[in-house]
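User: I've got a model open and would like to talk through its overall build. Can we go step by step?

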Amino acid sequence: MIDYTTKLRKEVEVCIECGFCEAVCPTFSSSGFLPSYGARGRIILARDLIEKNSSPKFRELSSSFMSCLNCFACLHVCPAGVNAGAVSSYARQLINGSTPTKETDPLIRMILNLTEKFENPLGIQRQMSSWVDSSDVSFSNDSSILLYTGSMYQITPYLERLQRMREIMGESLTKFFASLIARFPTLSLVFKLLRDRKSVNSYENSLASIVKLLNSSGVVPRYLGASEPYPGTLLHDLGYSENFKRYAERVTSRFKDMGIRKIITVDPHTYDLLRNIYPDYVRDFNFEVYHYLEFIDMKQFTSSQESIVLHEPCHLVLHSSSSDFLHDVLDGICETKYPRRHGSRTECCGGPDELLFPDLSSSISRRRLKDLEDVGSSKIVTACPICEANLNLRGNVIDLADFLVQHHNTPRFSTRRPFQRK
Amino acid sequence: MIDLLCLTEKFPSLLNSGVLPEDIVARFLTIIKLLIQQDLTKRSSGTTWKDYIASNNQKDVGALIDELKKIVGNNLISDPRETVLFESDASPFRGEPPLAAFIPDGTDDLQKTILFCQKNKIPVVVRGGGTSLTGSSVSLSGSLVISTLKLNRILEISPVDRYVVVEPGVRLNDLNETLAEKGYFFPPDPGSSISATIGGIISTNAGGLKASLYGTTRNWILGLEILLPNGETIFTGGKVLKQTAGYDLTSLFIGAEGTLGIIIKAILKIWPIPPKTGRIVAFFRSVSEAGSAISNLKRLGINPLIAEFMDRTTMDAISTEMGITFPDQAGSMLMVDLILNSQKREELHFAGNLMKDSGAISVKSTTSKQEMEQMYLARKGAYSSLLRLRKSPHERVIIGDIVVPVSMLSGALTECEAAAREFNLRVALFGHVGDGNIHANIYADPSDPVMWERVLKYQHRLGEIALRSGGSVSAEHGIGIEKKDLLLEEYKYTGSLYNLELIKGIKRIVDPNNIMNRGKVFD
């Protein structure tokens, strides 16, 4: 097992407490400048956590670490090279680590139980592959290249609806239902009722656009359909390392059994998880992991006078050493503008906090959207379903794949079959 | 009496059985201790026990916090797990547990809060980005920390009159990004500009790279709005470049490190962004030659926009960490930026030749933005590279900060280098030498008393070098906790110990109860 205490110690001991990280930490400013919700505060608290690991009082500190968005903005401004995002991640694993207890937030218990039982955090695995039915895309079961959606595009509209339900029901009723589902996972079938057709269609369309673009670039991958497992992102992000390790091994062995060598991911979170996190947990995780944009043939688009604002997802730009493909693909298609915070200073959309800190998440999203709108273009483009869900408050955010399809040089480059009610 | 003292020591264990509530025990013990230790005449003058305890600053902490909450509402933070985070800043100094922290979102409650602190003699520590390198912003025992971070509005920008009105919590980089959209900038640029706030840079009179041409923060403050510890709000200066209206009270608050009042608004002078600049990088065999080169440059009337220096130790750190290579025989490097007044590069050629005449072994100049950026990478990564070469987790890089007249740089740099060898310390020198500012970066473990003693002696020696050269013990980091002794040395050396009396006199008038950042700058 990974020694998180040592990892945490190595990270925090080089911090000089200069506070540069606080200036770029989205949760610090959105929490009203509470130091425990800022990157520097988290590092100082993590020092205490190392010293008093066994003390139950440090469970109370968990909101400091749990609220971290893991955007890594802090790492890019730290003169000492400290990654306060990683600090929060290690601290979560130390505080939580193993099986949840009765004190664990019912929402977390529900997600953990449903993921382990159904390989899907909302227990709606069958809904995850419905997008293929209405899409004009090609797959090949013989291919050694796997298209791994990670369920992020598909699950996002359900999470959006769940958030709205939560606002209506209030926290206590939400948690009551969550604890009920955590105890009786089959009750999760109620989540199927959360299907908002318009929203589901929109995200499924983006997924279809991605595969259509891959197809037109000569890539015909394999897809697991209804048996594709969720990658376990939330298990890791919530700090349940033992559960995550078991789960990641399960997913990996599935890939190995099928003779997969290359994995094409479609969203920044799954891309980051498979490239940077899985190898730490799963022995011999020797797959080649790509982002779909790395396969896109740039010659298939027409240039236009259109001007867009690009919101660069943090898991793509701040977590990876190279994300040039995100910018390269837009070169020559349109005029790409950037908000004040972009590149290595890009700001998170607030999405990762939506589950446990919805108010904080909402405050971050609204601020980021304002920054993007202040640039002055009518269209905001991003390449992450979570960013889209959190920023698309006024309907002016579009997924990059959909934008690329709009600029394809083949007339009527369609991604979907006509919608048919079953 | 002795028996009573014994009782106060033994009483807690006698009562640990939990028969009496803890707060009653604590109050009882307080009264007993006061009876024994304090002046009993006050009791005989008719005050109640409650008043008596309050007058001795022993007022129940919970009650104080409750009263403060009534004034400031949810903007008060009293959870010790949160307030402990105000005990540190970017310095090696650790503060003491504060009573609470207040993060106002407007100035309405500030006056009531300051009057409450005045009445209850609660120390006040005002804090911006918490980037002080000398301990100015660490909390004091039982203090109220007032964070200015929510007071972060840019209120007015006037390009015609060349000023901007801001609140104290605006971060420097944020201000300059906004001003850049209009073609202007605010020149002070300390290394912490990403996080440092306007209130903080005024309070420490910060400088930075461009102080070589534009001077320090002091030169860029037109006026201030200050909340004094007695609750009065004063306006100093104005929106004009010329104003001779009595004493210059604005200057009084620049560099005061929060010991006199709270800056609640500032009128800053702004300047057009220079249209075209060029950059020269020159390498020299010794630190002394680099010092002479800058001196020669200035002697011939060339005033660089920035003039950055680094020694071989710094270059080696950059090589190790960033893979940038430097000439083998180079003992120092100078990076000089000039504002170019014409499309021709005459000024750049002239300055480059002057570097060669001053002994440079290699000179490169450019006006290409990309190349300039490449050259700047080394300087930008200097401190990071030094930090990453610490030999143990407890080791810190203490940044010494002195200033000498430019004409004295050559000798001063040589002396700083020699003193590091004398005290057997690993020291890397860099600095903004265009204005004579030298930073000696000292690798030291503050928990090692023997080494720390050597560090203090070295810092003292740096101060001596600065004073002997006609400079100062602090260029741009302020005094804080770190340099109180050195400030005294400076006053002694310049025969102006009466300055301290004056400063203390001003402090007594403005802050008679000594609540504002008590114990910082001077004791």
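User: How many helices and strands does the secondary structure of chain A come to?
Analyst: Bear in mind that this is a predicted model, where local features need pLDDT of at least 70, side-chain atom pairs count only at pLDDT 80 or more, and totals for chains, interfaces and linings use all residues. Residues are numbered from 1 along each chain as written, chains are lettered from A and ligands numbered from 1 in written order, and side-chain values use heavy atoms, leaving out hydrogens and water. Helices (H or I, at least four residues) and strands (E, at least two) are DSSP runs, numbered from the N terminus. For chain A that gives 19 helices and seven strands.

User: What share of the residues of chain A count as buried?
Analyst: Buried means under 20% relative accessible area with a 1.4 Å probe, protein chains only. Of the 422 residues in chain A, the buried share is 61%.

User: Which domains is chain A divided into?
Analyst: The bounds come from an automatic or database domain assignment. Chain A splits into domain 1 (4–95), domain 2 (106–295) and domain 3 (298–406).

User: How many residues does the contact take from domain 1 of chain A and from domain 2 of chain A?
Analyst: The C-alpha centres of these two domains lie 28 Å apart. Counting contact as heavy atoms within 4.5 Å, domain 1 of chain A gives six residues and domain 2 of chain A gives nine residues.

Conventions: Buried < 20%, exposed > 50% of the residue type's maximum accessible area, 1.4 Å probe, protein only.
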